[in-house]
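Welcome, and please have your viewer ready. We will go from selection to selection, and at each stop I will say what is there.

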Amino acid sequence: MKKSTIAVIISLAALALIGIIIIQVYWMRNALKLQEELFDNSVSVTMKSVVNRMFDERTTPGLEPFVCSPDCDHRTQQILSAINPIRLDSLMHEEFDGMEITRQYVWGVFDPSTRTFFAGERGNRTNKILTSGHRVSLSCLYKSEQLMLGVYFPNESDVLIWKIVPWMIVSLVFVLVVAFAFSFMIFSFMRQKKLSEIKSDFVNNMTHELKTPISTISLASEMLLNPINMVSEEKTRKYARMIFDENQRLQQQVDQVLQISVLEQGTFKLDLTNFNAHTIIDQCVTRFELAIKNTNGTIRFHPDAHDFQLNADVNHFQNIVCNLLDNAVKYSSGKADITVTTRNEDGMLVIGLVDKGIGISHDNQKMIFEKLYRVPTGNRHDVKGFGLGLYYVKTITEALNGKVKVRSELNKGSVFEVFLPLNVSVATYEG
Ligand SMILES: Nc1ncnc2c1ncn2[C@@H]1O[C@H](COP(=O)(O)OP(=O)(O)O)[C@@H](O)[C@H]1O
Ligand SMILES: [Mg+2]
């Protein structure tokens, strides 16, 4: 799939997700509004039925008249004898209970035009009652003035919000789950894409690497088969050597790939023996010396470790050092300048390979130990390889209870350090 198509799909999905969140918020607000309206309606119905009952009871005989306190003025006295506040309070309790409105409330009887309070809760909440939206006219009980009964619920908005909070949490969790699943899918898709690119790179590389020795062998054997070329023994030897060398190269490449498949299956065996690490490193250095000298490069070996007798698998150890040296040579642009060192640290032998080559960027340093990974260099790699060397180094070093570290700076060079315990505790390792 093209990169632009993926970008479009991701943006569309992200937009859809944002859309869903906006719609959720919209519905939540609507639900809250609806709850408010429902509550307003039931309060209004309750208050009206309280006033109706007061109106009906006006003519009921035997009701005790309300006795106003001595400091009551004449007007208040008249109002309170028409609207008995004690009866009003008990009726409100009854009706609110009947409507199952259980939350806390305060009420008051007042004149809205002059904001004069006649009965009910006095104090700091009087103002709230005067401005409350829950109010009903008392004109049927007391005709001479425009009086109102007002109710105020102190925790009204809190209660309503708490009713929808659980829903909000649930939908938030769902949105988070969808967002997580979406990002996870994109992440694994990208990973798969990268992996398939790496694999096709590997196949191209491999085909190329195998083709060269095969065509050389075929050319050399054609020469040998041709009776005209059979004249000198020297020529015959030359062609036979070519076939032999190329065949060995093929063998090495096939071995490398096979070795990795064994590593992957985890069935490789470590054959632990006691050996001198410096001798083995020296052998690897000698192997690369000629090639480096041919390009006017230098290679030094500083065996500074005092304890260099290792108990490990000698073949794998040699492969580790040779692989790292091979990289140091391959990725030194032009003249190679390589230093191999050893030292002891915390009961370990540390083998260091310092090169002044092309270096590795910080991001790539995390990836180079992965199987088949090669630092991307645009469309083609000038330097041949399968991207298996460092994977091999890491897997074997870890099997020997050791570790590999890399420090590198682009265009300055790299330092690879292999830490190996002097004594591997297991006699034979099966990965
Ligand atoms: N010494 C080094 N200097 C710069 N880059 C390196 C060095 N060693 C390894 N690399 C980078 O790490 C990648 C992985 O290395 P490796 O697994 O040995 O694969 P290969 O050598 O087959 O490419 C290489 O392709 C290269 O880009
Ligand atoms: Mg390599």
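pLDDT is the predictor's confidence in each residue, from 0 to 100, and two residues are in contact if their C-beta atoms, placed from the backbone, lie within 7 Å. You will want both terms at the first stop, since this is a predicted model.

**Stop one: confidence.** Colour the chain by pLDDT. The average is 87, and 95% of the residues score at least 70. Now select residues 427-431, where pLDDT stays under 50. For this stretch the model has 10 contacts beyond four places in sequence. Where pLDDT is low, the predicted coordinates should not be read in detail.

**Stop two: the domains.** Give each domain its own colour: domain 1 covers 3-59 + 72-154, domain 2 covers 160-252 and domain 3 covers 270-430. Next, show domain 2 and domain 3 together; their C-alpha centres lie 22 Å apart. Where they touch, 6 residues of domain 2 are in contact with 5 residues of domain 3. On the domain 2 side, the touching residues comprise 3 nonpolar, 1 polar and 2 charged ones.

**Stop three: the ligand.** Select ligand 1 and the 20 residues around it. Which of these residues come nearest? They are N327, Y331, V375, G385 and G389. Of the elements, α10 gives the most, with 3 residues.

Key: Residues numbered from 1 in each chain as written. Chains lettered and ligands numbered in written order. Predicted model: local features only at pLDDT ≥ 70, side-chain atom pairs only at ≥ 80, totals over all residues. Domains from an automatic or database assignment. Nonpolar A, V, L, I, M, F, W, Y, C, P; charged D, E, K, R; others polar. Near = placed C-beta within 6 Å. Helix = DSSP H or I, 4+ residues; strand = E, 2+ residues; numbered from the N terminus.
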